[in-house]
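Dear colleague,

I am handing over the structure we spoke about, and my notes on it follow below. Please read them with the model open beside you.

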Amino acid sequence: MSTHGIQQGRPNKARQVLQRTKRAPDELVKHIELANLIPPASELPDYNKLNEEVLDTLTSQGTPLDADAWHAQSLGAEIKFLHRHFPPEKFPQFYKYIGPLHSSREREIHDRVRNLFGTRALLDAIAGAQTNKGASPGKEIEIPYQATPMSVALALDGEGKLKVERWPLLNALVGVEANRIRRCSECPRIFWAGRIDKHACNDKCVNRRNVRLWREHYAERYKLQRVRKANAAESTGINSRNKTRRKSK
Ligand SMILES: [Zn+2]
């Protein structure tokens, strides 16, 4: 028998499951990992507050600052803000991503934090838009404010000509099945649903979900069954017979 024959003989259902399984696009995986370094957008501090705090620090200086002092002050305010909202002991990966906290990297750190906030907010928005079943063509997903500053940029090429640069995350999203970008039902993580019926991010969360659903959906029925059994036992006298049998052992 040829392998072709075996494949054709595969039951329909198994083939359907295979078709529904899709690997995450490599480019997108990186962005999802980044998004998971911080809590969901709904729990994040207002990004504008960070800018306000930095500005407050800079304008509260009595004497004019030279460039170095300016960067040092900005970074100081930014670190204060970040440590308050993302304690280093709770978010080690976050600090690894933003890199060494040195004033010469002030701009870069700022950009990385902004990129993280935007990535998380945009992926949350996509995951949140998938609550109702079925994709409606032409449906728009609003780009959250955290993600708008870097969504598109007008830049100059080497010859001084204008070009439009898209945020790498937007490029990574083009053509991707929106329905597979999900928020785990058990924890705050964003994940890629390789199988379309996957609703939790990893094995641990899948187990947790199964237990929770079992409790929610069957505990009530189990309770009912117990009541019914008790009632039946009462009317047939099974209960008392069981007791005497146990005693004789
Ligand atoms: Zn999870």
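Are Cys201 and Cys205 buried or exposed? Both residues are buried, where buried means under 20% relative accessible area, exposed over 50% and partly exposed in between, with a 1.4 Å probe and protein chains only. Please bear in mind that this is a predicted model, in which local features need pLDDT of at least 70 and side-chain atom pairs count only at pLDDT 80 or more, while totals for chains, interfaces and linings use all residues. Residues are numbered from 1 along each chain as its sequence is written, and side-chain values use heavy atoms, with hydrogens and water left out.

The zinc ion takes its protein donors (N, O and S atoms within 2.8 Å of the metal, or 3.2 Å for Na, K and Ca, with water not among the atoms, so sites may look incomplete) from the SG atoms of Cys184, Cys187, Cys201 and Cys205, which lie 2.3 to 2.4 Å from the ion. Along the sequence these donor residues follow the spacing C-x2-C-x13-C-x3-C.

Pro40, which sits in the loop between helix 3 (26–35) and helix 4, counts as buried because its relative accessibility is 1%; helices here are DSSP runs of H or I with at least four residues, numbered from the N terminus. Its C-alpha atom is 6.9 Å from that of Asp124, although Pro40 and Asp124 are 84 residues apart along the chain. Setting aside neighbours within four places in sequence, Pro40 is in contact (heavy atoms within 4.5 Å) with Arg120, Asp124, Arg183 and Pro188.

Conventions:
Helices (H or I, at least four residues) and strands (E, at least two) are DSSP runs, numbered from the N terminus.
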